[in-house]
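Okay, thanks everyone, let me get the picture up on the screen.

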Amino acid sequence: MTRPYVIDTGPIVALLNAKEEHHAWAAEKIKEYRAPFSTCEAVLSEAFHLLEQTRHGPDRLLKVIERDFIRIAFTSHHHTPPLALLPRLPPASPRAHGSPP
């Protein structure tokens, strides 16, 4: 049995958008792991949104899902109790907005 790997929005977008700054890195790294890659609806939603700005981006994402390269392996409602235990940052925190600490 192969070990499942989780993939997030950044690598998905970088892999499917040749003009993205980290495309070469994502294309090289993806070869090191075995598909299918697991993700959730929120990641795919964000990836579709970001890929809307590219030519054929959403179509490419649909194709990798249809080919079972990326699959929805879990949903957040199954993980609500553990998510509730994660530490929360106050809304005014710079880290909450992506800035370095």
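So, let's start with a pairing in the sheet: Y5 has F37 in strand 2 as its bridge partner. Before I go further, keep in mind that this is a predicted model. That bridge belongs to the pairing of strand 1 with strand 2, residues 37–39, which runs in the parallel sense over two bridges. Zooming out, the sheet is open, has three strands in the order 1-2-3, and pairs in parallel. Strand 1, at 5–6, and strand 3, at 70–72, are the edges; each has a single partner strand, so one side of each has no neighbour in the sheet.

Now, back to Y5, this time for its ring. How many aromatic pairs does a search of the whole structure find? Two. In one of them, the ring centres of Y5 and Y33 sit 4.8 Å apart with the planes at 65 degrees, and since anything over 60 counts as edge-to-face, that's what we call this pair. What I like here is the sequence separation: Y5 is in strand 1, Y33 is in the loop between helix 2 (23–30) and strand 2, and they are 28 residues apart, so the pair links distant parts of the chain.

Are those two tyrosines buried, exposed, or something in between? Y5 comes out at 25% relative accessible area, which makes it partly exposed. Y33, at 38%, is partly exposed too.

Both of them turn up again in the largest pocket, whose lining includes Y5, Y33 and F37, along with W25, I30 and K29, among others. The volume there is about 160 Å³. Which element gives the most to that lining? Helix 2, with four residues. Strand 1 also supplies at least two.

What does its side chain contact? A polar atom of the T54 side chain is 2.7 Å from the backbone oxygen of L51. The T54 side chain also reaches the backbone nitrogen of G57, at 3.5 Å.

Definitions and conventions. Residues numbered from 1 in each chain as written. Predicted model: local features only at pLDDT ≥ 70, side-chain atom pairs only at ≥ 80, totals over all residues. Heavy atoms only, no water. Pairing = 2+ DSSP bridges. Polar contact = N/O pair within 3.5 Å; in protein donor to acceptor, adjacent residues only side chain to side chain. Phe/Tyr/Trp six-rings, centres within 6.5 Å; stacked < 30°, edge-to-face > 60°. Buried < 20%, exposed > 50% of the residue type's maximum accessible area, 1.4 Å probe, protein only. 1 Å grid on protein atoms, 1.4 Å probe; cavity = no way out; pocket = protein on both sides within 12 Å on 5 of 7 lines; lining within 4 Å. Points joined across faces, edges and corners; volume = space filled by probe spheres on them.
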